[in-house]
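Hello,

Here is the structure for the aromatic contacts we wanted to go through. My notes follow below it.

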Amino acid sequence: MGQCPPPYLEDLNFNITTGGLPQSFMVDVIRPGVVYVAFGAEQREDAEPQLLTLGFKLTPLTFLQTPRGGNGMLVYSKFVIQGFKLSENPKNFSGYIVIGNLE
């Protein structure tokens, strides 16, 4: 696993989640582009099916939750031209992390 944030994502914004409270997100898209979504690797079995259904693909990108380590985060991506709803995953403590040119 890489550093936090890894160089390939460092110019992008990460949404903030409190963890411990499942929540959904409405992702509004202002212009077409790639959106990344990350979650803790230990939650893959529960979280991956939802992302695949939305058309996300697993990338080879990974990073650690904190600069000192923490959980490894898997990163999925999707080219988007319109908004979408990212439902909560009740078994995922930190929820999804949306990464992109967030405004």
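Rings of Phe, Tyr and Trp (its six-membered ring) count as a pair if their centres lie within 6.5 Å; planes under 30 degrees apart are called stacked, those over 60 edge-to-face, and the rest tilted. By this rule there are three aromatic pairs. Phe 39, Tyr 76 and Tyr 96 make up one aromatic cluster.

The model is predicted, so local features need pLDDT of at least 70 and side-chain atom pairs count only at pLDDT 80 or more, while totals for chains, interfaces and linings use all residues. Residues are numbered from 1 along each chain as its sequence is written, and side-chain values use heavy atoms, with hydrogens and water left out.

One of the pairs is Phe 39 with Tyr 96, edge-to-face, at 6.0 Å centre to centre and 85° between the planes. Phe 39 is in strand E3 (residues 33–40) and Tyr 96 in the loop between strand E6 (84–86) and strand E7 (97–100), so the pair ties together parts 57 residues apart in sequence. Helices (H or I, at least four residues) and strands (E, at least two) are DSSP runs numbered from the N terminus. Both Phe 39 and Tyr 96 are buried (under 20% relative accessible area, 1.4 Å probe, protein chains only; exposed is over 50%, partly exposed in between).

Phe 56 and Phe 84 also pair edge-to-face, with 5.7 Å between centres and 70° between planes. Phe 56 sits in the loop between helix H1 (44–53) and strand E4 (57–66), and Phe 84 in strand E6, 28 residues apart. The relative accessible area is 1% for Phe 56, which is buried, and 9% for Phe 84, also buried.

Lys 78 lies over the face of Phe 84, 5.5 Å from the ring centre (NZ of Lys or CZ of Arg within 6 Å of the ring centre and within 35 degrees of the ring normal).

Regards
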